[in-house]
Amino acid sequence: MTKTSRFNYIKRGLVGVCAATMLTGLCAGTAFADQSATKIYTLDTSAAQISVTVPTGNAGASLNAAGALTLPDLVLTNESLAPVYISKVEVSGVNTSINLLTEADYTDATKGAVNNATKISMAADGKSIDLGAFKATGGATIQEADAVTIAGNSGKATLSATASMKNFTGSILGQSTLDFMTVSFTVAPTTA
């Protein structure tokens with residue numbers, strides 16, 4: 001049997017303590033944990049709101065002897081950053097002497113037989129707006145897929161009208177001018 005000196009016991013103890021310290025350092029969590037921070041950025045979009053110039057004021061229309069109505073083109077300019085579409089149209093203030101009809105009703109033998117029957121459609125980029133369909137109280141909405149779209153950054157949409165009247169009465173023919181109707185457009189940002 002070997003005699004172990006007191007110094008050897010101390011050495012073994014130190015080795016044991018060092019080994020225990022190393023194991024603890026490897027197995028335990030670090031004294032200083034990784035730190036991470038999250039920064040939330042809030043975007044102020046107030047300067048990027050929808051801004052579309054829609055014609056206002058009176059737009060003169062004229063009627064020729066054959067019953068064709070001529071209305072000036074309406075140009076809508078989108079000053080917004082993103083594209084928009086015409087999401088709603090409202091026709092109001094139609095003169096009581098005029099019967100604004102949908103194009104289908106205008107061509108129908110019975111429905112189109114009313115006095116001063118009128119049809120007006122406005123078109124841009126292959127999309128058409130039948131104004132007779134939008135004279136209900138509060139107007140009507142248009143699905144985005146069927147709507148006229150206006151590009152952003154000064155994009156323009158020119159709405160050209162095709163219109164006619166028939167079955168004239170003295171209430172129309174006896175006046176040189178008359179207030180005809182008011183058309184209001186609402187736009188919304190595209191979702192695509």
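Select strand 12 (182–189), which gives four residues to the lining of the largest pocket, the most of any element. Strands here are DSSP runs of E, at least two residues long, and helices are runs of H or I of at least four, numbered from the N terminus. The model is predicted: local features need pLDDT of at least 70, side-chain atom pairs 80 or more, while totals for chains, interfaces and linings use all residues. Residues are numbered from 1 along each chain, and side-chain values use heavy atoms, without hydrogens or water.

Next, select A59, G60, A61, F180 and M181, which lie nearest the centre of the largest pocket among its 32 lining residues. Strand 2 (62–63) and helix 3 (170–173) also supply at least two lining residues each.

Move to the largest nonpolar core, which has 32 residues; I86, V89, I129, L131, L159 and F185 touch the most other members. Such a core is a set of buried Ala, Val, Leu, Ile, Met, Phe, Trp, Tyr and Cys residues joined through side-chain atoms within 4.5 Å. Strand 5 (84–92) is among the elements giving two or more residues to this core, and its share of five is the greatest.

Now pick I129. Beyond four places in sequence, its contacts (heavy atoms within 4.5 Å) include I86, V89 and L159.

Finish at S128, in strand 8 (127–130). Is S128 buried, partly exposed or exposed? S128 is partly exposed because its relative accessibility is 49%; buried means under 20%, exposed over 50%, and partly exposed in between, with a 1.4 Å probe and protein chains only. Leaving out residues up to four places away, S128 touches S121, M122 and A123.

Methods:
On a 1 Å grid over the protein atoms alone, a cavity is a set of points where a 1.4 Å probe fits but cannot get out, and a pocket is an open set with protein on both sides within 12 Å along at least five of seven lines; lining residues have an atom within 4 Å of a point.
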